[in-house]
Amino acid sequence: MTFSDFPLVTITIFLPFVAATFLLTASKLNIRALYWLSVLVAVVNLVLAFVLLSPFLGNATTGFKWGEEVSWVKQIGLRYQVSVDSISAWLIVLTALLGLVAVFAGGGVAERPRYFWAALLSLEGAVIGVFASTNLLLFYIFWEVMLIPAYFLISSWGETNFRVRAAIRFVLFTLAGSLFMLVGILFLAFVTTPAGAEFSLDYLQVQKNIANLSPETQNWLFLAFAAAFIVKVPLLPFHSWLPDAYAEAPAPALALIAGAMPKTGAYGFLRFGVFLFPAAAAEFAPWLSALALGGFIYGALAALGERDIKRVLAYSSFSHMGFIALGIFAINSQGVNGAVLQMINHGIVTPALFLAAAALYTRTGTNRLDLLGGLQDRWPRLGALFLVLCLASLGLPGLNQFAGEFLIIGGSFLASPIYAAIAVVGVVLAAWYFMRLFQGAWHGPKPDLLQINAGATDMRRAEFVLFVPLVLLIVLLGVAPSLVTGVLDPTVNEWLRQTTQLALGR
Amino acid sequence: MPEAIGLVVLLPLLGFLGIALFGPRMSQRGAAIFACAMVGLAFLAAVLTALTPLFYSDNWGSYGLYKYDWTLSGTWRVTFGLAADPLSVIMALVVTGVGFLIHVYSIGYMTEHGEDGHMHTEKDYRRFFAYMNLFVFAMLLLVTADNFVWLLVGWGNVGLSSFLLIGFYKNRPSAVAAARKAFVMNTIGDVGLLLGIFVIIANTGSASFSAALTSANLTSGDGSWREWAAMLLLIAAVAKSAQFPLQTWLPDAMEGPTPVSALIHAATMVTAGVYLIVRAHPIFGNSTVALVVVPIIGAFTAFYAATCALAQTDLKRVLAYSTMSQLGYMFMAAGVGAYEAAMFHLVAHAFFKALLFLAAGSIIHSLGGEQDMRNMGGLRKQPAMRMAWIGFTIGALALSGIPPFAGFFSKESILGVFPLFGQATENYNPRGLDPIFLSVIGWVGLLTAFMTAFYMFRAYMLVFEGPQTRLHPHSNPANMSFVLAVLSVLSVVGGFLAMPGLWNFLHDWFQPVLRVFDANAGERGVWFPIQTNGLEIVELVLGVGAGVAGIVIAVGLYTFTRQRAADALQPTLTGTAEEQQRAAEGAVQPRRATGASLLTPRGLEEAEIRRVIAGRNLSPVNKREVGLPTGRILPAAKPKFNPLKLGQQAMTAFLLYGWGFDLIYKMLFSWPGEMTGRLIARFVDQEAEKAVDYGLGGMAWEGSKASRKTETGLVRNYALGILLGTVALLIYVAVQTVQR
């Protein structure tokens with residue numbers, strides 16, 4: 001058994017689940033010990049994720065590496081198949097990083113901490129499972145498993161009395177979308193399997209068989225899949241679960257819920273949309289680009305009009321996810337590379353912003369922008385952190401989100417200059433609302449803050465440990481995004497070449 | 001040594017990081033000296049780079065220094081790299097040289113009261129120098145980048161440091177609003193540049209200057225992309241250089257400390273637009289639209305800003321509008337291809353405008369934050385203000401284009417490009433522009449030169465002449481006076497870089513870069529050289545005459561007429577530092593009494609006289625004071641209807657508010673944007689949620705309620721159901737059978 005035969009992907013997926021099960025049952029153990037155990041598991045998982053990424057570093061490796069396969073339910077083509085290419089490997093690294101961030105930041109949760117960490121870890125495992133599945137039905141299973149911990153994170157640890165309603169709305173919305181995908185998957189199994197052969201939902205095999213379907217069937221199947229992804233990303237008219245869910249969820253959980261989970265939708269659009277149904281994706285690309293652009297602008301405007309810091313961040317996150325979708329539907333190397341890069345960048349910046357907002361909340365007791373102001377004198381370091389994160393998020397050149405923005409707008413420019421011209425409006429709006437957010441809290445006159453915690457200190461050591469690496473990552477990926485794109489580019493180009501070949505029959 | 005350019009960029013970055021990370025462990029003075037040292041060393045490194053032509057005699061210009069892949073994707077490969085060529089080096093020299101002087105000046109300036117009326121704390125002091133070093137770093141990155149993408153990185157980051165420094169007095173609402181406005185308007189420029197970069201990459205395959213701007217790329221094809229690229233880059237240039245229509249942020253940017261205004265909003269950052277046009281001149285020079293649009297924008301802005309400056313009462317705002325106007329000159333020149341002249345004026349303007357701002361800064365500083373010129377006066381006679389007086393006078397003369405100051409040579413070299421009587425010869429007009437067009441621009445430039453001299457000497461008269469101010473200036477630290485002296489000398493000798501008819505260092509200096517990037521690498525090229533054959537005597541007389549006339553009229557008006565008293569009754573735009581501070585603290589306090597004995601009629605009269613002399617406005621109506629004997633003067637009788645006077649007042653207000661563009665933009669963009677945002681966030685989305693909750697959820701609920709009713713538990717109901725079902729089935733079968 002060589003090293004590469006080791007079931008590494010499976011371990012990366014299920015280690016968090018095992019740890020979560022242990023946490024749920026270990027009622028007798030010291031709670032601090034359990035906390036450090038969870039952190040340790042998250043660290044180990046991050047290391048494993050980097051090991052998964054390692055074959056793609058440094059050379060132009062394309063296609064799937066690693067991977068395990070076990071037969072499960074033959075009759076419907078369900079096999080346990082997991083594998084990674086460099087796109088999913090990067091996203092798994094991101095998820096593992098966010099899992100670590102979430103568990104580390106979640107150390108201070110007061111109620112039922114064991115269960116909280118268990119939910120975080122199982123959410124991490126489920127998201128990694130989504131990224132690693134190469135069987136369509138398995139993908140669907142992990143997709144739905146994600147909902148369970150996410151539901152509990154919102155409904156049990158949410159911040160106000162509306163948490164259960166927000167959680168239910170979140171689950172119903174995503175479920176409504178993904179059931180279409182389930183139907184699509186099963187239908188796909190029927191129509192792509194030659195008569196008499198065994199049902200197969202293996203990704204690569206399905207990808208080869210797709211070209212035999214009539215364009216109309218492809219279109220309907222694409223739409224069925226898109227229904228699930230549209231809600232998950234979310235794109236414009238299907239976002240109404242998002243502001244409440246994000247406003248309710250506790251900040252550590254948001255590291256995964258806002259940082260990693262929407263990326264599964266974007267990843268789905270890429271892997272099971274553009275790469276699976278290239279012809280249909282190209283046909284619907286203008287419509288989906290319009291939705292993505294609409295969401296980008298709409299979210300930015302909403303963030304401009306919102307008073308609550310967390311909701312501003314929620315709308316900004318929604319807005320940026322639309323932007324990522326725009327890159328995917330450019331269907332060219334620049335757009336797709338930029339979209340994946342931006343998923344990673346957004347996944348670093350957004351959780352950091354939510355956590356910084358939570359750090360501010362613990363000191364002031366309010367999220368209302370109109371009640372805050374002039375805080376920089378009081379907590380200059382936290383203010384500086386906030387500024388850097390806001391700047392990164394609004395796409396200041398030199399910080400990480402600019403790199404993704406550059407490639408995404410570049411890709412959409414190549415697809416159609418009109419998209420790029422509209423997209424930059426959103427960029428200007430982002431500058432506007434982020435500056436409004438930053439200045440609203442940290443600059444300007446000092447209002448009377450009755451509930452302000454006067455004794456609160458500037459950033460504590462635990463906060464430094466949490467935020468400094470994130471800020472360093474933000475700067476590093478801003479100065480040298482080629483660390484990511486250099487690894488992504490060969491894979492993305494290869495996939496795009498293959499799929500356009502299939503689609504156009506060349 | 002071209003490699004020294006790396007040090008030029010690196011040192012200010014180290015300065016910023018050093019103060020930002022280890023600031024609390026440094027003493028206040030230590031941090032300032034560290035920051036100055038970093039910029040000073042960067043200047044020395046820039047000098048070292050500038051000596052390159054001594055070692056490499058011909059065609060110097062290195063691109064792709066310190067190169068690495070920034071990002072790659074498909075066919076796109078964007079690299080980081082620095083350029084050391086005449087253009088980047090001269091910009092680096094100006095940025096680090098003027099930057100160093102202003103850093104030294106700031107050591108003294110920032111020690112005392114801030115312009116928000118509060119003492120600068122040690123923390124503020126360090127923060128200031130950290131931001132200044134960040135700015136210098138970003139600006140150097142902008143001018144030394146060897147490709148458009150890293151130029152954009154510098155471009156965005158100078159916007160950021162400008163934001164941080166405009167909003168330096170972070171608790172003052174007007175400063176906060178001005179900072180945000182500047183940032184957002186600059187972001188519009190950033191995205192213009194971004195789109196321009198895509199046009200360039202998509203059509204040339206590269207973003208680097210040396211690969212994209214080759215003659216093959218620029219002359220082949222139908223060339224429509226060049227028009228697009230030029231227009232998109234122009235958006236960026238216009239936003240950064242505060243040209244029409246993105247000009248409104250610059251006057252508000254004066255909320256920052258004065259050294260910031262001198263460095264960022266006069267000498268360096270705002271000239272980035274001119275730099276961009278010169279850098280991308282193969283695109284601009286080969287675009288037929290840009291050759292017309294850029295000079296028109298420049299000429300209009302020069303004229304517009306000069307008219308606005310006529311009515312300003314705030315000393316710094318006069319200088320801000322003047323900067324905008326001078327940048328308009330540079331755009332005029334760069335637009336028609338007179339790149340040497342534009343760069344000449346850029347360098348000379350950096351010297352004398354920095355001098356003017358710093359002189360104004362030392363006046364404001366020693367008057368305890370007072371910026372309203374009407375509260376100044378008679379400062380020439382104050383011994384403490386001697387150096388500021390000399391500096392301001394030299395700066396004003398240079399700006400007015402009086403020989404032999406720097407502004408004379410640089411401004412005449414620009415006006416020389418636009419023959420006033422349409423006599424453009426083939427030599428002067430390589431791009432074949434309409435001579436009438438050029439002469440119209442030339443006349444606008446001449447008119448602007450007249451207004452420039454007028455408003456500068458209006459400011460001079462208000463500040464230095466006339467009755468003495470009530471405020472008591474105190475003397476400035478020695479380092480401030482030293483910097484004023486150095487800049488005064490530079491403002492005199494800076495013009496000797498190019499002496500028409502005698503020598504022209506700039507022509508030789510820029511020759512390599514303009515030739516390397518020239519698309520039609522023929523004999524003439526796309527640029528105007530500064531005319532070495534001597535200027536036409538008529539134009540020279542007109543140019544100097546306009547300046548002299550402006551000065552004479554301003555001096556006469558403020559010496560022999562009651563204009564000073566009339567100015568005192570103008571509406572104000574910005575309050576005093578004290579008022580702003582009060583507004584910042586949110587407290588509405590009754591205005592302080594003027595100090596005179598107010599109860600007697602004589603006291604009232606005295607108060608009025610004092611206010612008119614000192615230029616105090618009448619206090620605004622304060623409800624609490626109604627009925628109380630206060631210093632407020634009620635008009636003796638209803639003023640007569642006087643259309644002339646009303647018109648004059650309306651005109652003054654129109655100019656004071658910059659032709660009302662602020663209001664227009666507010667109505668067109670900022671207000672609708674915010675209102676749409678509120679509508680979405682607080683209404684549309686909430687309603688959509690409710691629709692989902694109560695609509696879909698309610699439908700399910702009602703449906704389940706209805707179907708629940710069938711579960712009655714009564715056997716007869718179920719039996720009825722079975723019966724009905726059976727009947728229905730039977731009918732169906734019967735119909736099927738009959739049809740068959």
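**Helix packing in chain B**

In this predicted model, helix α20 (residues 435-464) of chain B and helix α23 (residues 537-560) of chain B have axes that come within 7 Å and cross at roughly 30 degrees. Axes are lines fitted to C-alpha atoms, for helices over the stretch in contact, and angles run from 0 to 180 degrees between N-to-C directions. Helices (H or I, at least four residues) and strands (E, at least two) are DSSP runs, numbered from the N terminus.

- Residues making this contact (C-beta atoms, placed from the backbone, within 7 Å) include Phe450(B) and Phe454(B) of α20(B), and Ala546(B) and Gly550(B) of α23(B).

**Chain A against chain B**

- The contact takes 47 residues from chain A and 44 residues from chain B.
- On the side of chain A that touches chain B, the largest share, 10 residues, comes from α18(A).

**A hairpin in chain A**

- Strand β1 (residues 65-73) of chain A pairs with β2(A) in the antiparallel sense over 6 bridges; pairing requires at least two bridges found by DSSP.
- Lys65(A) stands opposite Val84(A) in β2(A).
- The hairpin has 4 residues between the strands, and Gly77(A) takes a positive phi near 80 degrees there.
- Strand β2 (residues 78-84) of chain A is largely enclosed by the rest of the structure, because 5 of its 7 residues are buried (20 or more other C-beta atoms within 10 Å of a residue's own, all placed from the backbone).

**Conventions**

- Residues are numbered from 1 along each chain as its sequence is written, while chains are lettered from A and ligands numbered from 1 in the order in which they are written.
- Local features need pLDDT of at least 70, side-chain atom pairs count only at pLDDT 80 or more, and totals for chains, interfaces and linings use all residues.

Key
Two residues are in contact if their C-beta atoms, placed from the backbone, lie within 7 Å. A residue is buried if 20 or more other C-beta atoms lie within 10 Å of its own, exposed if 12 or fewer, and partly exposed in between; C-beta atoms are placed from the backbone.
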